[in-house]
Amino acid sequence: MKSRTYAAVLAVLALTVTAGCSSKATSGDGDTKGAGGVKTGEGVTDKTITLGVLTDMTGVYASLGKSVTQAQQLWAKQTNAAGGICDRQIEMTVRDHGYDPQKAVAAYTELEPQVLGFAQFIGSPFVAAVKQRIDGQDKGLVLPQAWSANLLGSPYVRVVGATYDIETINAVDYLLAEKRITKGDKIGHVYFEGDYGENALAGSTYAAEKAGLTVVEQKIKPTDNDMSAQVAALKKAGVKAILISAGPRQAASLVGVAAAGGFDVPVVGNNSAFAPQLLATPAGPALTKDYYVAASTLPIGAPDAGPAKLAKEYAAAYPKDGLDNGVVAGYTAATVFGEALKKACAEKDLTREGVDKALLTLNAYKSDFGITHDFSDPAAPSTRHSLIMKPDKSVPGGLKVVRPAAASEAAQSYKPPAG
């Protein structure tokens, strides 16, 4: 299994899952009228609304997955304490897939008939593997903790935030604006094979063409943790900056190895390429020196009202756990799902179709974390804005904003490829 690419494994799994479930009725069949005259379907009773959570607590994104999940459980607890939604309590059913393709698809297959939709699904390639099934027959709303443009185009799989390609374009714009790179320079890009990394590469390629840069590619697998070979290749190529579209471990290795070898260039990662725990490792000093992160939410340590309130509530609920940006990402997705549920309730339709339609009405949803989202067009990400952050040990969550949310000219003109 280890020798096969994720793409090949997921293609086989997706075909197997689709073939095995081809006779399933659409979500509209069997809908009933529940309490309060509200139409209901899968995952909804007169007393509860059950949402699925497909996360990673033991794999490459373990720290992120734990934070995202606990933040969503906190949201559910707070929502229930305030009376729930549509006179129903929110329940969340969690499965840890460990960033394993077989486990991820199996967990989706298990939970799908039991839940209204998914407030979390970590892993662009895994979501992509079941997207055809979601679009064709399941039709339950999925808010992935994944930002691949390949997930666009579906009214059911909705990306909350800028996609990886747009996020990367904004990262290149930041390097240009700060005069860290200029026309004619080479920039390195280390990226995961599969939907995440290759979508980010599409962004760096577009930004490079616009700015007269050259991209030097370094493709890696999620199981690759030592970036020594990649750093050596990029140093030899003479790149002036590096983009990394991978996980926290790979980012720490890249920055640490580069610093140890005297390769002094700025490095910018996508939103999932950082964890504050890294600041306590030998790579910590290098990360705080010249590493940056692009994302579509304010960091949990920002002094703004939304992050400050959430940080306090999360710390009270989980006193033994630290803060990171997964808390904000998870809570944001949960509140978006909750807003769709409230609007669906107002229309007396808590079926999957009702919730999907409700989300389309959120065309100017202002989150508490620095970004206004537009969910009216399934073919577009909910925003083209990205903040740029820098690691800082003195800030809760380890990140501070160095450039406010902005959408570069290149990001605004770019057309993401819908999946």
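Predicted model: local features only at pLDDT ≥ 70, side-chain atom pairs only at ≥ 80, totals over all residues.
Guide: Angles here run from 0 to 180 degrees between N-to-C directions, and contact means heavy atoms within 4.5 Å. In it, helix α2 lies across β3, β4 and β5, and runs at about 165° to β4.

Visitor: What makes β4 and β5 the edge strands of their sheet?

Guide: The sheet is open, with 3 strands in the order β4-β3-β5 and parallel pairing. Each of the edge strands, β4 and β5 (117–121), pairs on one side only. Neighbouring strands of this sheet are turned by 25° against each other on average, with direction ignored.

Visitor: How do you know that β3 and β4 are paired?

Guide: Pairing requires at least two bridges between the strands. Strand β3 (residues 48–55) is joined to β4 by 8 bridges, and the two run parallel. The count meets the cut-off, so β3 and β4 are a pair. One of the positions involved is Gly 52, whose bridge partner in β4 is Thr 93.

Visitor: Why is one side of β7 and of β15 left without a neighbour in the other sheet?

Guide: That open sheet has 7 strands in the order β7-β6-β8-β9-β10-β14-β15, with mixed pairing. Strands β7 (214–220) and β15 (399–406) are at its edges and have a single partner strand each, so one side of each has no neighbour in the sheet. From one strand to the next, the twist averages 20°.

Visitor: Which helices pack on this sheet, α5 and what other?

Guide: Helix α5 (residues 164–177) touches β6 (186–192), β8, β9, β10 (291–295), β14 (386–391) and β15, and its direction makes about 100° with that of β15. Helix α6 (residues 195–211) also packs on the sheet, touching β6, β7 and β8; the direction of α6 makes about 165° with that of β6.

Visitor: What makes β8 and β9 a pair?

Guide: Strand β8 (residues 241–245) and strand β9 (residues 267–269) are joined by 3 bridges and run parallel. At least two are needed, so β8 and β9 count as paired. Leu 243 stands opposite Val 268 in β9. Strands β6 and β7 also run parallel, joined by 7 bridges, and Ile 187 stands opposite Val 215 in β7.

Visitor: Why is β6 called mostly covered?

Guide: A residue is buried when its relative accessible area is under 20%. In β6, 6 of its 7 residues are buried.

Visitor: How do you know that Cys 86 and Cys 345 form a disulfide?

Guide: The cut-off is a pair of cysteine sulfur atoms within 2.5 Å. Between Cys 86 and Cys 345 the S to S distance is 2.1 Å, so the pair qualifies. The structure holds 1 disulfide. The link has 80° about the S-S bond and is right-handed. Distant parts of the chain are linked: Cys 86 is in the loop between α2 (62–81) and β4 (89–96), and Cys 345 is in helix α11 (residues 325–346), 259 residues apart. Both Cys 86 and Cys 345 are buried.

Visitor: What makes a set of residues a nonpolar core, and which members of the largest one touch the most others?

Guide: The largest core has 64 residues; Phe 121, Val 190, Ile 242, Ile 244, Leu 254, Phe 263 and Tyr 291 touch the most other members. Neighbours within four places in sequence left aside, the contacts of Ile 242 include Gly 188, Val 190, Leu 234, Leu 254 and Phe 263. A second, separate core has 42 residues, among them Cys 86, Met 92, Leu 143 and Tyr 331.

Visitor: Why are α10 and α11 described as perpendicular rather than parallel?

Guide: The axes of helix α10 (residues 305–317) and α11 cross at roughly 100° and come within 11 Å. Angles from 65 to 115 degrees count as roughly perpendicular, and α10 and α11 are therefore placed in that class. Leu 310, Glu 313 and Tyr 314 in α10 meet Val 327, Val 328 and Tyr 331 in α11.

Visitor: Which residues of α12 are buried, and what covers them?

Guide: In helix α12 (residues 352–360) they are Arg 352, Gly 354, Val 355, Asp 356, Ala 358 and Leu 359. The cover includes α4 (124–138), α11 and β11 (349–350).

How values were computed:
Residues numbered from 1 in each chain as written. Heavy atoms only, no water. Helix = DSSP H or I, 4+ residues; strand = E, 2+ residues; numbered from the N terminus. Buried < 20%, exposed > 50% of the residue type's maximum accessible area, 1.4 Å probe, protein only. Core = buried A, V, L, I, M, F, W, Y, C linked by side-chain atoms within 4.5 Å. Parallel < 35°, antiparallel > 145°, perpendicular 65-115°, else oblique.
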